[in-house]
Amino acid sequence: MRGTAMSEQAQTGQSVFDLFDAVATAVVAVDEHATIRYVNVRAGEVFGYATEELLGRSIELLVPQTTAGDHVAQRDAYLLSPTPRPFGARRDLKGRRKDGTEFEADISVTPLGTPSGLWVVASILDISLQREAEARVQQQSRSYLALARLNEAVARAEDETVLFRRVCNVAVIDGGFIGAWVAMRGPGGSLQVRASAGPLAARVAVAGMVDPEAMSALTTGIPSFTDDFSAHGQQHADRVASHGVGSAAALPLRSHNRTVASLSLYSDRPGAFDDNLRTLLLGAAENISLALDRFEANADLDRALVQRLDLVRRLVDAQERERARIAADVHDEPVQSLAAVDLRLALLERKLAQAAPDLVPEVVHIHETITSVNEGLRNLLFELEPVGPSAYLTDLLEDAAGHVFELTTVAWSMENEPDPRELELSIAIRTQAVRIAKEALVNVAKHARARSVRILVKLDDEGVTLQVSDDGIGIPPGVRSSPPGHRGISGMLDRAEVAGGALSVDSEGTGTTVSVWLPRV
């Protein structure tokens, strides 16, 4: 502050200018002709001038051309106002430094009466660093929100198509990127866009600007961050600039340690991908890759399930064919022959009773043995009986219970009526359910000494649950397999596991419940 301002200083009062010299804020005073009459040292530092270079120059020297009218209008408003306004009226404007760079500023103006006329004193605060810090905080908050939304998308997505679409939407809506897409290798080494979002998405096919970044990430498996597109050639740089792109990133996405896709992100700000954002994006790419691993594992599991179900079907078919052959052989030869022997032994008993009574007991014993063998064969035919394709599971179980407990005092009951959904169960599953239930009912008849048995069938969207409960003597705690020489419990467990289900045997000292769940298919 020298020159013209010095003479005014003497007339307006030393204390005012001493105050302006002492403050840490830039202060500039202009007269009614917009000529700079006073500059403190801080103002010279802010604008990059020596104070002597500014005195006597137009204020427009410190104002960007694009906003010069705003500054002049504000100055005139103060100069022409009939009532001076209080100090502290503020308006956000821009200043221009000596090197031509611009900065955002808060400017407070107030009129100052001097012997040479009314001046306008402006207090100028460079807030560019503050605005940059605010922008960084805002961008960081947005990045954390986008990361949270992206993790939510990763957790909820059921397949890669849904995942890729949600990731792109989150990047644009929550992350603020102008373009996002996921690309994979296509035919002939080309790039195939699987999902996209943002203003750039409609121009992906013609822009051609995803090739260097996405192809690099796919080929090398290394993340690519681009702040200077001229490194890819002037033609590519011009094409990118024409779409308003300032910086870009391409992140490799992996599945089972193989790079299978790339996530490309485009920002309208140069240098948008700072260290903090890069760290967040790399973590997000890892989460997406874990989801791809999960999808692949699920696909492997589904394939294994299909193979297992096919094996179950083929195994059951083979077992049923063999059972049908054995049943036919037993019914055609042994059963009919034993029935004939049974009749002849009955006739022989009556004849011996008259001719040789002492031989009757031996013949009766033989007759009882034949009858027992015949009963065993009848039970075998019951076990071998095939499951019809249109038979309700509940009807089959009622028939089984009626046969097993026909000659006993056990009271049995079916807890539910036939459900049409039973026929939706595959024939293989219904066959396994019937075989397991028959084994459980036979075990009750042979070992439980029960008075009553309850049979329950429950259907759900995933499969069927079958329960056989009795009030008998129960089984010892912890016993979950058959004793040596027996196959009852072990056989039921094997059947349930082969069919992809689960079986439990529960007993609390009295009574036993056999519960089996089998999948619907």
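Predicted model: local features only at pLDDT ≥ 70, side-chain atom pairs only at ≥ 80, totals over all residues.
Q: What span does helix H7 reach from its first C-alpha to its last?
A: H7 takes in residues 160–173, which is 14 residues. At 1.5 Å a residue, 20 Å would be expected, and the helix comes close to that. Its reach in the model is 20 Å.

Q: Which residue caps the N-terminal end of H7?
A: Look for a side-chain oxygen by the backbone nitrogen of Thr-161. There is one 3.1 Å from that nitrogen. The oxygen belongs to Asp-159.

Q: Which residues are buried in H7?
A: Buried here takes a relative accessible area under 20%. The ones in H7 that count are Val-162, Leu-163, Phe-164, Val-167, Cys-168, Val-170, Ala-171 and Val-172.

Q: Are H13 and H14 roughly parallel or roughly antiparallel?
A: H13 covers residues 393–404 and H14 covers residues 427–448, and their axes sit 10 Å apart. The packing angle is about 25°. Angles under 35 degrees count as roughly parallel, so the label for H13 against H14 is roughly parallel.

Q: Is the crossing of H13 and H14 left-handed or right-handed?
A: The two helices pack with their axes 10 Å apart. On the H13 side, the residues that meet H14 include Leu-393, Leu-397 and Val-404. Their partners in H14 include Arg-430, Lys-438 and Leu-441. As for handedness, H13 passes H14 in a crossing that is right-handed.

Q: Is Ala-34 buried or exposed?
A: Ala-34 sits in the loop between strand S1 (26–30) and strand S2 (36–39). Its phi is positive, about 65°, although the residue is not a glycine. With the cut-off for buried at under 20%, a relative accessible area of 6% makes Ala-34 buried.

Q: Is Arg-449 buried or exposed?
A: Arg-449 is another non-glycine residue with a positive phi, near 55°. You'll find Arg-449 in the loop between H14 and strand S12 (452–459). Exposed needs over 50%, and since Arg-449 has 68% relative accessibility, it counts as exposed.

Q: How many Å apart in space are Ser-224 and Ala-248, C-alpha to C-alpha?
A: Ser-224 lies in strand S8 (residues 224–226) and is buried, at a relative accessible area of 14%. Setting aside neighbours within four places in sequence, its contacts are Glu-213, Ala-248, Ala-249 and Ala-250. Ser-224 and Ala-248 are 24 residues apart in sequence, while their C-alpha separation in space is 8.1 Å.

Conventions: Residues numbered from 1 in each chain as written. Heavy atoms only, no water. Helix = DSSP H or I, 4+ residues; strand = E, 2+ residues; numbered from the N terminus. Expected span 1.5 Å × (residues − 1). Buried < 20%, exposed > 50% of the residue type's maximum accessible area, 1.4 Å probe, protein only. Polar contact = N/O pair within 3.5 Å; in protein donor to acceptor, adjacent residues only side chain to side chain. Axes fitted to C-alpha atoms, helices over the stretch in contact; angles between N-to-C directions. Parallel < 35°, antiparallel > 145°, perpendicular 65-115°, else oblique. Left-handed = near helix turned anticlockwise from the far one by under 90°. Contact = heavy atoms within 4.5 Å.
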